Amino acid sequence: MVELGYDFRSDFWHQGYATEAALAVRDFAFDVLGLPGLISLIRVGNLASKRVAEKVGMKLADDFTRYETRYWRYAIQRP
Ligand SMILES: CC(C)(COP(=O)(O)OP(=O)(O)OC[C@H]1O[C@@H](n2cnc3c(N)ncnc32)[C@H](O)[C@@H]1OP(=O)(O)O)[C@@H](O)C(=O)NCCC(=O)NCCS
């Protein structure tokens, strides 16, 4: 499964850039690349990242621990 990630400089946060970029990448992944789905792996408690995943249309699939860190796995399937 292909992961969609986002990481912006803090002086550009809270202006909708991560959402805008993630939506464009999502549409490219589905409409151009034809990928079956995307996931985002988010450290539990990273509420800004969780919110971006939700605005991209992802849903919480499950959670897991890797190297002693807890993650949410968000996922979306191609419509
Ligand atoms: C996560 C990140 C990419 C978001 O970037 P951004 O450009 O600020 O995101 P957007 O402005 O598109 O949207 C952020 C959303 O999170 C919400 N949000 C931000 N901080 C929040 C908080 N502490 N609690 C709850 N919601 C929060 C905003 O209100 C916004 O939602 P809204 O449009 O419904 O109001 C940015 O914070 C970042 O680069 N963080 C460091 C790297 C990181 O954690 N990457 C994700 C790894 S999984």
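## Surroundings of R78

The model discussed here is predicted. R78 is found in the segment that follows β4. Leaving aside neighbours within four places in sequence, its contacts are F30, L35, P36 and G37. R78 and F30 lie 48 residues apart along the chain, yet their C-alpha atoms are separated by 5.9 Å.

## Overall fold

The chain contains 2 helices and 4 strands. In sequence order these follow the pattern β-α-β-α-β-β.

A compact globule of 79 residues would have a radius of gyration near 12 Å; the value for this chain is 13 Å, which agrees. The C-alpha trace spans about 35 × 30 × 15 Å along its principal axes. Buried residues make up 16% of the 79 in the chain. Taking contacts between residues at least 6 apart in sequence, 52% join residues at least 24 apart.

## The sheet

In general, strands of a sheet pair through backbone hydrogen bonds, in either a parallel or an antiparallel sense. In this model, 4 strands form an open sheet with mixed pairing, in the order β1-β2-β4-β3. The edges are taken by β1 (2-3) and β3 (59-66); each has a single partner strand, so one side of each is left without a neighbour in the sheet.

Strand β2 covers residues 37-43 and pairs with β1 in the parallel sense over 2 bridges. Within β2, L38 is the bridge partner of V2. Helix α2 packs on the sheet, where it touches β2 and β4 (69-77). The direction of α2 makes about 165° with that of β2.

## Residues around the ligand

The shell around the ligand holds 18 residues, of which A18, T19, L47, A48 and R51 come nearest. By class, this shell has 9 nonpolar, 7 polar and 2 charged residues.

Two helices, α1 (17-32) and α2 (47-55), each supply at least two residues of the shell. Which element gives the most to the shell around the ligand? That element is α2, with 5 residues.

Note on methods:
Residues numbered from 1 in each chain as written. Predicted model: local features only at pLDDT ≥ 70, side-chain atom pairs only at ≥ 80, totals over all residues. Rg over C-alpha atoms; globule rule 2.2 N^0.38 Å. Buried ≥ 20, exposed ≤ 12 C-beta atoms within 10 Å, placed from the backbone. Contact = placed C-beta atoms within 7 Å. Near = placed C-beta within 6 Å. Nonpolar A, V, L, I, M, F, W, Y, C, P; charged D, E, K, R; others polar. Pairing = 2+ DSSP bridges. Axes fitted to C-alpha atoms, helices over the stretch in contact; angles between N-to-C directions.
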